[in-house]
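Subject: Structure handover

Hello,

Please find the structure below. My notes on what was found in it follow.

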Amino acid sequence: DRYYYDGIDHEVAELLAASRVVLEQRGAKIIDVPIGDHGAFNELSNAILWPEAAGLHLQWLRERPQDYAQQTRARLLVGLGVPATLYVEAVRARARLLEDFLRETFSTCDVLHVPMLKRSVPTAAETDVGGSAAMSQVLGQIVANTRPFNLLGLPGLSVPIGFTRNRLPQAMQLVARPFREDLLFRVGAAYEAGSGGHAERPPL
């Protein structure tokens with residue numbers, strides 16, 4: 001039940017803990033809620049995301065493949081190999097998983113507070129692996145905490161909570177029930193008011 005926090009870097013965990021303190025000071029009640037292992041959600045998401053992306057770009061992939069960066073082209077081409085039956089099964093499963101998640105998790109809370117990333121933000125050089133075998137692992141680490149909610153179609157809000165030692169910004173992810181963006185904006189605004197905001201900018 002600790003999918004979103006397991007293996008989190010210490011400095012990221014400290015920033016998240018500090019953000020929870022601010023939210024409590026602003027009137028939020030912080031509780032632990034049941035969340036299963038959402039690791040499988042990433043694979044399920046790929047069965048939908050990859051073929052849809054490939055379909056949208058199919059004409060340009062045929063006519064001008066050289067205009068795509070190597071990594072982007074490799075990711076899109078994977079979608080051409082996803083069977084239609086797998087795509088349909090994934091779409092059907094998504095509806096059931098959303099219903100279960102709303103019943104089991106949001107029956108006890110209004111907003112989820114989870115990390116955007118479990119580690120400090122990687123540099124461009126760290127993620128520039130082209131279409132190599134490392135691509136899935138590198139990208140998987142970046143989207144591990146956001147893709148499950150994307151799959152379920154839940155609204156999410158990224159709110160800056162400070163900087164890690166590499167001087168890159170870190171954020172918390174707030175997630176709510178469908179069509180409750182208003183609640184996310186209120187919680188995000190309350191946090192920013194309580195924390196004084198993070199006006200500092202990373203060196204560019």
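Phe179 sits in the loop between S3 and H8, where helices (H or I, at least four residues) and strands (E, at least two) are DSSP runs numbered from the N terminus. The phi of Phe179 is near 65°, a positive value in a residue other than glycine.

Two notes on conventions. This is a predicted model, in which local features need pLDDT of at least 70 and side-chain atom pairs count only at pLDDT 80 or more, while totals for chains, interfaces and linings use all residues. Residues are numbered from 1 along each chain as its sequence is written, and side-chain values use heavy atoms, with hydrogens and water left out.

Other backbone points

Arg167 also has a positive phi in a residue other than glycine, near 65°. Arg167 belongs to the loop between S2 and S3 and counts as partly exposed, at 35% relative accessibility.

Helix H1

The 16 residues of H1 (residues 10-25) should span 22 Å at 1.5 Å a residue, and the end C-alpha atoms are 23 Å apart, which agrees; the expected span is 1.5 Å times one less than the number of residues. Buried in H1 are Glu11, Val12, Leu15, Leu16, Ser19, Val22 and Leu23. They cover an arc of only 140° around the axis, which puts them on the same side of H1; the arc is that of the directions from the helix axis to the C-beta atoms. His10 and Gln25, on the other side of H1, are exposed. The packing partners of the buried residues of H1 are strands S1 (111-115), S2 (156-163) and S3 (169-176), together with helix H8 (181-195); contact here means heavy atoms within 4.5 Å.

Helix H4

H4 has 21 residues and should span 30 Å at 1.5 Å a residue; its end C-alpha atoms are 30 Å apart, which agrees. Its buried residues are Ala90, Ala93, Leu97, Phe101 and Leu102. Seen down the axis of H4, these fall within an arc of 165°, so they line one face of the helix. Ala84, Thr85, Arg92, Ala95 and Glu99 are exposed on the other side of H4. The buried residues of H4 pack against H2, S1 and H7.

Core

The largest nonpolar core has 37 residues, of which Phe101, Phe106, Leu112, Phe149, Leu154 and Met172 touch the most other members. Such a core is a set of buried Ala, Val, Leu, Ile, Met, Phe, Trp, Tyr and Cys residues joined through side-chain atoms within 4.5 Å. Not counting residues up to four places away in sequence, Phe101 touches Ile35, His38, Phe106, Leu112, Phe149, Leu152 and Leu154.

Largest pocket

The largest pocket has a volume of about 700 Å³. A pocket is an open set of points on a 1 Å grid over the protein atoms alone, with protein on both sides within 12 Å along at least five of seven lines, and lining residues have an atom within 4 Å of a point. Grid points are joined across faces, edges and corners, and the volume is the space filled by probe spheres set on the points. The lining has 26 residues, with Ile30, Ile31, Val111, Leu112 and His113 nearest the pocket centre. H1, S1 and H8 each supply at least two residues of this lining, and the largest share, four residues, comes from S1.

Pro122 is in the loop between S1 and helix H5 (124-127) and counts as buried, at 16% relative accessibility. Leaving aside neighbours within four places in sequence, Pro122 is in contact with Leu117, Thr127, Ile142 and Leu168. Gln141, in helix H6 (residues 135-143), is partly exposed with a relative accessible area of 44%. Gln141 touches Leu117 and Arg119, not counting residues up to four places away in sequence. Asn46, in helix H2, is buried with a relative accessible area of 7%. Beyond four places in sequence, Asn46 is in contact with Pro51 and Arg147.

Regards

Methods: Buried < 20%, exposed > 50% of the residue type's maximum accessible area, 1.4 Å probe, protein only. 1 Å grid on protein atoms, 1.4 Å probe; cavity = no way out; pocket = protein on both sides within 12 Å on 5 of 7 lines; lining within 4 Å.
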